Amino acid sequence: MSSKVICLAGGSGSGKDTIKNLLPFPYVVSYRTRPIRQGEENGVHGYFVEEEEYIRDKDLGVVVAETIYAGHHYWTVKSQFTDALENGYSITYVVDGPGIQSLRDSIGKENVIAVWLEIGEHVLSKRMKKRGDSIESIK
């Protein structure tokens, strides 16, 4: 198999990060403007940055996959993908549907494999409560 970006998508709490951690590929860590959650580590679970960094990356034209969730920006920059693809290894990326399309448009759909994860609402609610999500975000 030639090198690919394996995108894991699904609703919040669907198990994307769990599967990402089980795969034998390095993974892309996205930038995000949301606050860091308890138990998360900056640079491992995301790069938790201010809105100004998102605006700067947009102005520089380096954003390749982006989305907004719960009022916060999530994005990656082109070099996070092109370095892997040009050096012949596959990587994983946890993203949502619009982010997959944005990535396909940026690096070519032939370089992207998308996997959508779904789980039942009861399991989803339980997982989100366990990780400390607010009741409003679970509804």
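The model is predicted; local features require pLDDT of at least 70, side-chain atom pairs count only at pLDDT 80 or more, and totals for chains, interfaces and linings use all residues. Residues are numbered from 1 along each chain as its sequence is written, and side-chain values use heavy atoms, with hydrogens and water left out.

Side chains of opposite charge can pair when their charged atoms come close. A salt bridge was assigned where a side-chain nitrogen of Lys or Arg lies within 4 Å of a carboxyl oxygen of Asp or Glu. Six salt bridges were counted by this rule.

One of them joins arginine 37 to glutamate 40, with an N to O distance of 3.7 Å. These two residues also belong to a network of salt bridges that links Arg34, Arg37 and Glu40. Exposure was classed by relative accessible area: buried is under 20%, exposed is over 50%, and partly exposed is in between (1.4 Å probe, protein chains only). Arginine 37 is partly exposed, at 26% relative accessibility.

A further salt bridge pairs arginine 56 with aspartate 57. The closest N and O atoms of this pair are 2.8 Å apart. Aspartate 57 is buried, with a relative accessibility of 4%. Arginine 56 is partly exposed, at 43%.

Lysine 58 and glutamate 66 form another salt bridge. Here the closest N and O atoms are separated by 2.7 Å. Lysine 58 has a relative accessibility of 38% and counts as partly exposed. Glutamate 66 is also partly exposed, at 24%.
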